[in-house]
Amino acid sequence: MAGGDESPEKKPRSSLEIEEYDEENYHPIEQVRLTVPPTDDPTMPALTFRTWTLGLTSCVMLAFVNQFFGYRQNSLYISSVTAQIVTLPLGKFMARVLPEKKFTVAGWSFSFNPGPFNLKEHVLITIFASCGSSGVYAVSIVTIVKAFYHRQLHPVAAWLLAQTTQMLGYGWAGIFRKILVDSPYMWWPDNMVAVSLFRALHEEEARPRGGLSRLQFFLIVFVTSFAYYIIPAYFFPSISAVSVLCLIWKDSIFPQQLGSGLHGMGIGSFAFDWATVSFIGNPISTPAFAIINILIGFVLVMYVMTPLTYFNNVYGARKFPIFSSHTFDYAGQPYNISRVLNAETFNLDLVGYGSYSKLYLSVFFAFTYGLGFASLSATITHVALHHGKTIWTLWTKAKSNLKGKMDVHTRLMKTNYEAVPDWWFYSILLVVFGLSLWACEGFNKQLQLPWWGLILACAMALFFTLPVGIIQATTNQQIGLNIITEMVIGYIYPGRPLANVAFKTYGYISMSQALGFLSDFKIGHYMKIPPKSMFIAQLVGTVVASSVYFSTAWWLLTSVEHICDPANLPDGSPWTCPGDDVFYNASIIWGVIGPLRMFTGQGVYGAMNWWFLAGAIAPVPAYLLGRKYPEKKWVQLINVPLILSATMSMPPARAVNYIMWGVAGLFFNVYIYRLHKRWWARHAYVMAAALNAGLAFLGVLLYFTLQSYDVAGPDWWGLDADDHCPLATCPTVPGVVVKGCPAL
């Protein structure tokens, strides 16, 4: 790659090198010099008919499929990488068959086929797809209101909530783009992977003798995945989680707690379903060091901490299931939210709460929050220890370089293209903020969040976007604001569940969206995409994706009977909403009851606050160990925040998901990678995309052809979408009576 071999003193790519050069084609960050070519062809068309067609199609399909599967027991996430791979042959096909004739409308000429399908079109299509795959957090608010709290929500208010929480980030992005995009020192490490993949896909590929092209391999795996998925999705759902100990000890609580892959510790559980394997993310596309760190965290939490705390009856743990995201009262019964929530005002009824019970959690769920506190403070310490000097160096250079010499990529962008005017960003910010006020203050204030709460949420997002953006743009780690926002509004404005989740969404998601937009702008910066074309693709993609996510959710919530209510769903029904169930219970914990009555002396779990301190200290020993033994590579790969946050997906993820994900990840990214590296390099990511795509297409086809007409699979033992461990959720202390559990 241009310039890479001419640097005076090459060092390993794993260490960040910041060097100054006078030559016009150099960039101060070595990784960027080695990955991104310092060239551009401004005559290459970008926002073409092919871009709009394939981009909007990808955006709509990914948004629909991800929301559709998000409500299912084994949810599926299709990333934009799938669209990135699939749209390449489609773009080339369109370039071969579409007419090249030019059309003129009102003085504006265009062509359906402006020439060969090119890299810039492909980048913008992937940006559209990224909008469709990124999810709309606010849809979970709509879901818990309609499916869990069973309250009315005006569809316009719900749609505005979905749109505004996604769009506010444009304002923050516009304010900070000169620092976080234009500065060469804000280099966004994760984008190097995307740039490398784009370049690899657009290099001429020669089919190996006796082998398959990437497209042929994709189609074979896709068809196989599509054909197989009908077994776990329709005929035999029970193979999505097979718990051996439960099949042996059918009448004993303890073995089922140990063996249940869905409701217990998962010892001996496994699955024959790719949806189970990829529930917490695609294991093939996860680096080996991350898989190992996460598995260490999972083992420590599930097989050390959980049994120690549960069987020692910490926080009265044995009154409750060993693993559950639900809430309970002091007697071990499901928490009756109607006794503490005023039906008219939808606020906490203090008299009812005082006469009823404090809120209790399963010991696993309780410590999940403790680990969440720890991972937040551990991330700050880890970043400060490992990247603090680099961040400070890059930040000071970025500030001093704002009006200084431009790097090659910034120079090419400013020379060849018009920048996006600031007023575009600020206009969107003003309009979206006004619509946000309308959503909160209008519609009989159904969202419960007052105007000052919206302003406070926006202020937090604005305040944190720059420091968190600097950390992410230099270290690839983003510090989430979800716990901070929940805690702030929970103390200031307690007893209002929708106010809590709305504040969290406006504060946390708008910042997260801003960083997503800035990251995409940096990809466009590296790939020399016209900034206005990038802005239009992001804007249209965000509006379309938000609308599709909302429409899909609203349609399912109003058409699938008993959706998100496993107790009343028919056997084999997949519509259990595991992620939204966790979101609902979090709204009770932080919104209805509030942190004052949960995580202080007024509640049960005040000691959880010590996890903040534990997390802040935990990275220090690993850091000192790495300093003492710099030659030991495995020590350098210890990532304490990753270990502490390993089980943050549990629930809704279960033990069997982690077990199968870990097995698949180690097989592909350790065994196959080491012994068959050429095969891995050529086929691994293509295989990951094909497996997900086949599963997604068959799942949607099944719903529209059979399940939407209530045509279920054959009525037999294997139709149950569970692991046949009914006793795993039973209490283990005498005196607690739970339906279906033996009396102790």
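**Helix pairs and selected residues**

Modeller: Helix 2 passes helix 4 in a right-handed crossing. Bear in mind that this is a predicted model.

Colleague: At what angle do helix 2 and helix 4 pack, and how far apart are their axes?

Modeller: The angle is about 20°. The axes are 7 Å apart. Helix 2 covers residues 49-70, and helix 4 covers residues 119-133.

Colleague: Parallel or antiparallel, then?

Modeller: Roughly parallel. Angles under 35 degrees count that way, and this one is about 20°.

Colleague: Which residues meet there?

Modeller: From helix 2, R50, T51, W52, L54, G55, L56, S58, C59, L62, A63 and N66. On the helix 4 side they meet E121, L124, I125, F128, A129, C131, G132 and S133.

Colleague: And how does the contact of helix 2 with helix 4 divide by class?

Modeller: It has 11 nonpolar, six polar and two charged residues.

Colleague: I125 is in that list. How far is I125 from L88?

Modeller: Their C-alpha atoms are separated by 9.5 Å. Along the chain they are 37 residues apart. L88 is found in helix 3, residues 80-97.

Colleague: Is L88 buried or exposed?

Modeller: L88 counts as buried, because its relative accessibility is 9% and the cut-off is under 20%. Not counting residues up to four places away in sequence, L88 touches F117, H122, L201 and H202.

Colleague: Next pair. How do helix 14 and helix 28 cross?

Modeller: They cross at roughly 150°, and their axes come within 10 Å. That makes helix 14 roughly antiparallel to helix 28. The crossing is left-handed.

Colleague: Which residues make the contact?

Modeller: Helix 14 contributes A288, I291, I292, I294, L295, F298, M302 and Y303. Helix 28 contributes A655, Y658, I659, W661, G662, G665, L666, N669 and V670. By class, the contact of helix 14 with helix 28 has 14 nonpolar, three polar and no charged residues.

Colleague: What else is T306 in contact with?

Modeller: Leaving aside neighbours within four places in sequence, T306 is in contact with V301, I322 and F364. T306 is also buried, at a relative accessible area of 3%. From T306 to A317 is 9.9 Å, C-alpha to C-alpha. Those two are 11 residues apart in sequence.

Colleague: Where does H263 sit?

Modeller: In the loop between helix 12 (253-259) and strand 4 (269-270). H263 counts as buried, with 18% relative accessibility.

Colleague: Change of topic. How do helix 17 and helix 21 pack?

Modeller: At an angle of about 85°, with axes 8 Å apart. That makes helix 17 roughly perpendicular to helix 21. H409, T410 and M413 of helix 17 make the contact with G524, H525 and Y526 of helix 21.

Colleague: How many nonpolar, polar and charged residues are in that contact?

Modeller: The contact of helix 17 with helix 21 has two nonpolar, four polar and no charged residues.

Colleague: What about the phi of K445?

Modeller: K445 is not a glycine, yet its phi is positive, about 55°. K445 is in the loop between helix 18 (422-441) and helix 19 (451-475).

Colleague: And C577, what is its phi?

Modeller: Also positive, about 55°, and C577 is not a glycine. C577 lies in the loop between helix 22 (531-559) and helix 23 (578-593).

Colleague: Buried or exposed, that C577?

Modeller: C577 counts as buried, at 0% relative accessibility.

Methods. Residues numbered from 1 in each chain as written. Predicted model: local features only at pLDDT ≥ 70, side-chain atom pairs only at ≥ 80, totals over all residues. Heavy atoms only, no water. Helix = DSSP H or I, 4+ residues; strand = E, 2+ residues; numbered from the N terminus. Buried < 20%, exposed > 50% of the residue type's maximum accessible area, 1.4 Å probe, protein only. Axes fitted to C-alpha atoms, helices over the stretch in contact; angles between N-to-C directions. Parallel < 35°, antiparallel > 145°, perpendicular 65-115°, else oblique. Left-handed = near helix turned anticlockwise from the far one by under 90°. Contact = heavy atoms within 4.5 Å. Nonpolar A, V, L, I, M, F, W, Y, C, P; charged D, E, K, R; others polar.
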